[in-house]
Amino acid sequence: MNKLFLLLFILLSCNASQHIATSTAKTLPKKADKDEKDAPKPKNIILMIGDGMGLSQITTAMYMNKNYLHLERCTTVGLLKTHAADNIITDSAAGATAYSCGKKTYNGAIGVDIDGKPLKTLLEEAEERGMATGLVATSTITHATPASFIAHQPSRNMHEEIAKDFLQTDVDLVIGGGRKHFEKRKDGLNLLDSLKENGYFVTGNFNKINKNIEKFYLFTAPEHPAKKSEGRNYLPQATALALDFLSRKSTDDKGFFLMIEGSQIDWGGHANDTQYILDELLDFNQSIGQVLDFAEKSGETLVVITADHETGGLSLGPPSHKEYKTKSDKERIAYNKRYYDALTMTADFNNDTMRNDTLYGMFSTGYHTAVMVPVFSFGVGSEEFGGMYENVGVWERVKEAWEHED
Ligand SMILES: [Zn+2]
């Protein structure tokens, strides 16, 4: 009898693992009874990635910003399963490669599959389609997320090789840090010269970009740009410039593809620093507002806003365990410093009747988590992005939108 139970158990567990495998492989449900050709085709596609921007990060910023974020203007919301091919907890390289190339890969992979084979990215495909293209980030531009849209390397740490890959594409606009990976290289090459030979205007100054410039690289820092709280202030300016520049570049009505990353929300999570997360997310929020304003006016644009993963295992209190409850106020302050990163919100919420208005940012890790991330969308074809699905489903949906007739 026991053997029978054991057999049954084995059968059931096999079935369970098989179920996981199939649901991983098949990500996009068939929409059989819908005429694909009737679906509208977006002219411009803007993908915005808040690195490490999970629901708790979003909630923190929302409550600390008078209970409002521009994300609320999005008309469709979904949830994404973020796991990598080799790890239930993804890193930014595998996460961004899933979005840019539609394949789950190993952690650290930049635009390559699990065997290291290069995969075509959405940006490369947009180029082939004659669209204008751009990348904007608040990290070095060779960092995992932006790199995965333009480069193909086995490891995210290969900044110099990644920088070289930038020269293989005809991207129109690049704004971010990391000039040193192009200029001060171990191989002695000066890729800034090569960029200029390829027709790029290379600068570190926003004011130098004018209407006569065909395509450009704007380096905002030799390496990583500063934190928002330490003086970095270019994301809104970069967003406005990118939208204006790419609209003008989009000839023959071909449209543009733009990826904007709020890179350092993730670093706030790694540092278990709620204030850092908040500053970076509100900066990204401003960029989101500008993009949605543009999309509203354009009427031909699809905006997809998501994260590659959550970082820090952030949760929002209050702390409830017994030990904490027995402490005096003074002891609690010391305790909070040690275990929680407390944010006090009063002025920003405007609610006199609320008895408790303190958010405690509690972290469970200094790394990423496996928690699903939200995906928000707005504009032409945005309704396709609702539901709960694998991260590669974002790529599938963008590809599908491109297949629709004009
Ligand atoms: Zn990270």
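Helix H9, residues 235-249, and helix H11 have axes that come within 9 Å and cross at roughly 20°. Axes here are lines fitted to C-alpha atoms over the stretch in contact, with angles running from 0 to 180 degrees between N-to-C directions. Helices are DSSP runs of H or I, at least four residues, numbered from the N terminus. H9 is therefore roughly parallel to H11, a term for angles under 35 degrees.

A word on the source. This is a predicted model, where local features need pLDDT of at least 70, side-chain atom pairs count only at pLDDT 80 or more, and totals for chains, interfaces and linings use all residues. Residues are numbered from 1 along each chain as its sequence is written.

Back to the pair. On H9 the contact (C-beta atoms, placed from the backbone, within 7 Å) is made by Leu-235, Pro-236, Thr-239, Ala-240 and Leu-243. H11 contributes Asp-283, Gln-286, Ser-287, Gln-290, Val-291 and Phe-294.

Next, H3, residues 92-101, and H14, residues 392-403. Their axes come within 6 Å and cross at roughly 20°, so these helices too are roughly parallel to each other. Ala-98, Tyr-99, Ser-100 and Cys-101 of H3 meet Val-392, Val-394 and Trp-395 of H14.

Last, the core. How many residues does the largest nonpolar core have? It has 94, and Met-48, Leu-135, Ala-242 and Val-303 have the most contacts inside it. Helix H11, residues 274-298, supplies the largest share, 10 residues. Such a core is a set of buried Ala, Val, Leu, Ile, Met, Phe, Trp, Tyr and Cys residues joined through C-beta atoms within 7 Å; buried means 20 or more other C-beta atoms within 10 Å of the residue's own.

Note on methods:
Buried ≥ 20, exposed ≤ 12 C-beta atoms within 10 Å, placed from the backbone. Helix = DSSP H or I, 4+ residues; strand = E, 2+ residues; numbered from the N terminus. Parallel < 35°, antiparallel > 145°, perpendicular 65-115°, else oblique. Contact = placed C-beta atoms within 7 Å.
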